[in-house]
Amino acid sequence: MRAAFAYLGRGSWLARRDPRSILLAAFFFVLGAPQIRDSRHLALILAAAVGYYLLAGIPWRAVRRQWLLLVVVIGAVATINALITGGQSGGFADAETHVLVTLPPFGTEVSAEGISLIATQVLRFGAIAAVGFPVAYAIAPGDLGPALRQLRLGDRMPVMVDLTVRFIPTLSTEFGETIDAQRVRGFDPLRTGGSPMTRLRRLAPLFVPVTVGSLTGAEDTIDAMDLRAFGVGKRTWYRRLQMDTASRVVVGAFAAFLVVATILNVTGQSEHYLLPFLVP
Amino acid sequence: MTAMAQPQSTPSPWSLTTRVIVYSAIGAALYAVFNWISFAIQIPGAESVSVRPHYGLLTFFGFAFGPVVGFLTGFVGNVVGDQLTGWGAFTSPHWSLANGLAGLIAGLFPVWMASRMTSVGSKALTAAVAGVVATVIGFLVIFLGLVLTPEMDFNTILTTEYIPVVIANSIAAAIVTPILVLAWEPISAQMGR
């Protein structure tokens with residue numbers, strides 16, 4: 001059992017860019033995408049987002065389960081929302097709905113508006129995920145700290161994120177060892193049954209040793225940092241990132257997207273769109 | 001020469017010391033790893049919410065080490081955990097904010113109630129209460145989903161997200177937080193922390 005960020009996009013066009021551009025692109029996109037409501041606009045945005053995603057060269061085989069999970073969860077959430085509201089939410093909140101099917105036993109209505117809203121959500125989240133994946137897979141884990149530092153987040157926060165990324169493989173390995181050790185003592189991590197409280201208490205032999213062990217081990221890290229006078233003055237970083245022209249173009253394109261999305265939102269030009277072929 | 005004892009000032013709960021950074025990093029990493037491990041288990045009705053017994057870790061880190069550690073453990077831990085599970089760090093930023101806020105609120109309780117926590121038992125009890133209150137208040141942030149997902153309806157977020165997650169996380173916080181407080185207190189005292 002080992003959790004770690006896999007640098008799947010190594011060597012790709014996007015991985016060769018300044019990591020700050022990938023982080024800023026995702027940040028701008030997350031701010032811009034929710035402002036777009038028209039599914040036709042979102043379809044174009046998804047196509048562009050997939051194009052950007054492909055630049056990261058992430059092998060399909062390595063992430064297909066994650067994509068499947070995303071689509072299933074987003075689809076389920078969007079469908080439940082459409083069933084609960086009957087399609088009367090968002091831009092269709094006050095609209096008269098076009099009911100396509102009525103589902104028993106509660107007479108739940110499946111409407112053209114509801115399906116249009118499902119399509120909108122799936123397109124938007126798909127696009128956000130496509131832009132978000134390169135953050136995990138096209139940035140070298142060791143570059144995350146310097147990138148955050150050079151985004152002017154100070155020294156402490158980047159070091160904290162850097163440490164988090166570095167602790168993850170160690171802690172997941174420790175967790176695996178703890179499970180093995182407790183199994184030897186008769187603990188069954190797969191045992192089911194009992195109330196949620198009983199099941200939670202049953203997990204204590206896993207949580208407590210890993211957590212307390214990590215905290216006591218942290219003292220060494222704290223001492224090492226204190227001995228090097230961490231936080232006393234300005235910290236120097238071994239790695240210095242350079243923003244090349246292509247990276248600037250990436251940042252500029254996503255910043256432009258945010259501006260356009262904001263204008264469309266403010267002027268009301270990207271409202272929810274009723275898919276015409278669904279209307280009987 | 002006379003040695004004079006210098007009065008030790010208590011560090012502000014908001015200061016970002018080396019200790020805060022390292023504890024935050026450990027908390028976030030633990031939270032992310034447990035998120036990754038338990039992502040597959042789902043509560044019926046909470047479609048995008050996984051059962052997270054390790055949620056108690058977040059309230060524990062806030063309660064034991066302060067509001068900054070609590071916030072960073074929740075926020076960074078959830079961002080990193082979502083990325084590890086493949087959900088994507090930026091897919092649901094309001095959920096990460098909600099986790100961070102819950103950790104922060106849990107971290108305020110020891111500041112507010114320091115005089116009432118006279119024994120390890122009372123500390124554990126306060127930790128359980130802090131975990132539940134922090135969850136109920138902190139997760140109100142998920143209603144930002146009304147802005148981030150304009151298609152979502154208030155009732156949908158309330159019934160399929162807020163209520164299930166608050167119930168599941170409150171149970172986790174009420175049980176796991178005091179267990180960890182009871183385990184950590186003697187060790188902390190032994191280490192002189």
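Predicted model: local features only at pLDDT ≥ 70, side-chain atom pairs only at ≥ 80, totals over all residues.
Trainee: Is the crossing of α2(B) and α7(B) left-handed or right-handed?

Mentor: The axes of α2(B) and α7(B) lie 7 Å apart, and the helices pack at an angle of about 50°. That angle makes α2(B) oblique to α7(B). The crossing of the pair is right-handed.

Trainee: How many C-beta neighbours does Ala130(B) have inside 10 Å, and is Ala130(B) buried or exposed?

Mentor: Ala130(B) belongs to helix α5 of chain B, residues 120-138. Setting aside neighbours within four places in sequence, its contacts are Thr59(B), Phe63(B), Ala106(B) and Phe109(B). Thr59(B) and Phe63(B) are also among the α2(B) residues that meet α7(B). The cut-off for a buried residue is 20 or more other C-beta atoms within 10 Å, and Ala130(B), with 29 such neighbours, therefore counts as buried.

Trainee: What distance separates the C-alpha atoms of Ala130(B) and Leu158(B)?

Mentor: Along the chain, Ala130(B) and Leu158(B) are 28 residues apart.

Trainee: Which residues does Asn99(B) touch, not counting residues up to four places away in sequence?

Mentor: Asn99(B) sits in helix α4 of chain B, residues 93-112. It counts as buried because it has 32 C-beta neighbours inside 10 Å. Phe60(B), 39 residues away in sequence, lies 13 Å from Asn99(B), C-alpha to C-alpha. The residues that Asn99(B) touches are Leu58(B), Gly74(B), Phe75(B), Gly77(B) and Asn78(B).

Trainee: Which element gives the most to the side of chain B that touches chain A?

Mentor: On this side, 52 residues of chain B are in contact with 60 residues of chain A. The elements of chain B that give two or more residues are α1 (18-38), α3 (67-85), α6 (145-148) and α7. With 14 residues, the one that gives the most is α1(B).

Trainee: What is the radius of gyration of chain A?

Mentor: Chain A contains nine helices and two strands, in the order α-α-α-β-β-α-α-α-α-α-α from the N terminus. For its 280 residues the globule rule gives 19 Å, and the chain is well over that value, so it is more spread out than a compact globule. The radius of gyration of chain A is 24 Å.

Trainee: How far apart do the C-alpha centres of domain 1 of chain A and domain 2 of chain A lie?

Mentor: Domain 1 of chain A takes in 19-146 + 241-278, and domain 2 takes in 156-227. The C-alpha trace of the chain spans about 70 × 60 × 35 Å along its principal axes. The two domain centres lie apart by 35 Å.

Trainee: Why are α1(A) and α9(A) described as roughly parallel to each other?

Mentor: Helix α1 (residues 19-32) and helix α9 (residues 245-266) of chain A have axes 9 Å apart. Among the residues that make the contact are Phe28(A) of α1(A) and Phe254(A) of α9(A). Angles under 35 degrees count as roughly parallel, and α1(A) and α9(A) are therefore placed in that class. The angle between them is about 10°.

Notes: Residues numbered from 1 in each chain as written. Chains lettered and ligands numbered in written order. Helix = DSSP H or I, 4+ residues; strand = E, 2+ residues; numbered from the N terminus. Rg over C-alpha atoms; globule rule 2.2 N^0.38 Å. Domains from an automatic or database assignment. Axes fitted to C-alpha atoms, helices over the stretch in contact; angles between N-to-C directions. Parallel < 35°, antiparallel > 145°, perpendicular 65-115°, else oblique. Left-handed = near helix turned anticlockwise from the far one by under 90°. Contact = placed C-beta atoms within 7 Å. Buried ≥ 20, exposed ≤ 12 C-beta atoms within 10 Å, placed from the backbone.
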